[in-house]
Amino acid sequence: LTLIYAMLSPKAPLPSAVRVIAPWEDVARPTRVHILQVTPGDSEVYQGESVAIAAEVAGSVDREQGVRVVFSSLDGRTVNQSVPLVAAAGESWFRAPVPPGTAGIEEDLVYHVEAGDARSAEYQLRVSPAPTIWVEQLEYAFPKYTGLEPETVERQGDIRALEGTRVTIRA
């Protein structure tokens, strides 16, 4: 009977048996769908960036539930927000940007991927402030053929000059 059950069951019986015999072990529950890999996993990103979450999924995925990434902010402002992951025809990799839209990530997030009856481990995206530069002064030395005197511009980062102009940036 056990052999027939093992052959006909949609889920592997061995992990269930191990979970019953040794509940203290970290054995994942058996599922019909398997999440093989999640990228970027635990990662560090710059504030304002969008992150492409991707998951490799094996098994039959329910079209209604699909594959989705579920994320929450560590400060509790965003809780269990879900974004569907999509795959090109015939691919096992599902992808989507987090957060959706153009806003980018503003605070640390935890996320996991859900597909059918499977759920991945939790991962964390740590947010670092984006590097910034404070430009104090631009000094322009124009080419001789222009006849223009050197010019200094205070607190402006946009460099606008003729080709061949030498610019000194003090930042």
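## Cores and sheets in a predicted model

The largest nonpolar core has 23 residues, and Ile53 and Leu85 touch the most other members. Such a core is a set of buried Ala, Val, Leu, Ile, Met, Phe, Trp, Tyr and Cys residues joined through side-chain atoms within 4.5 Å, where buried means under 20% relative accessible area with a 1.4 Å probe, protein chains only. Strands β3, β4, β5, β6, β7 and β9 each supply at least two residues of this core; strands here are DSSP runs of E, at least two residues long, numbered from the N terminus. A second, separate core of five residues includes Val135, Leu138, Tyr140 and Val153.

This is a predicted model, so to speak: local features need pLDDT of at least 70, side-chain atom pairs count only at pLDDT 80 or more, and totals for chains, interfaces and linings use all residues. Residues are numbered from 1 along each chain as its sequence is written, and side-chain values use heavy atoms, leaving out hydrogens and water.

Now for the sheets. Two strands pair if DSSP finds at least two bridges between them.

β10 (residues 137–141) pairs with β12 over five bridges, and Ala141 stands opposite Arg166. Elsewhere, six bridges join antiparallel β3 and β6, with Val51 opposite Val98.

Note on methods. Buried < 20%, exposed > 50% of the residue type's maximum accessible area, 1.4 Å probe, protein only. Helix = DSSP H or I, 4+ residues; strand = E, 2+ residues; numbered from the N terminus.
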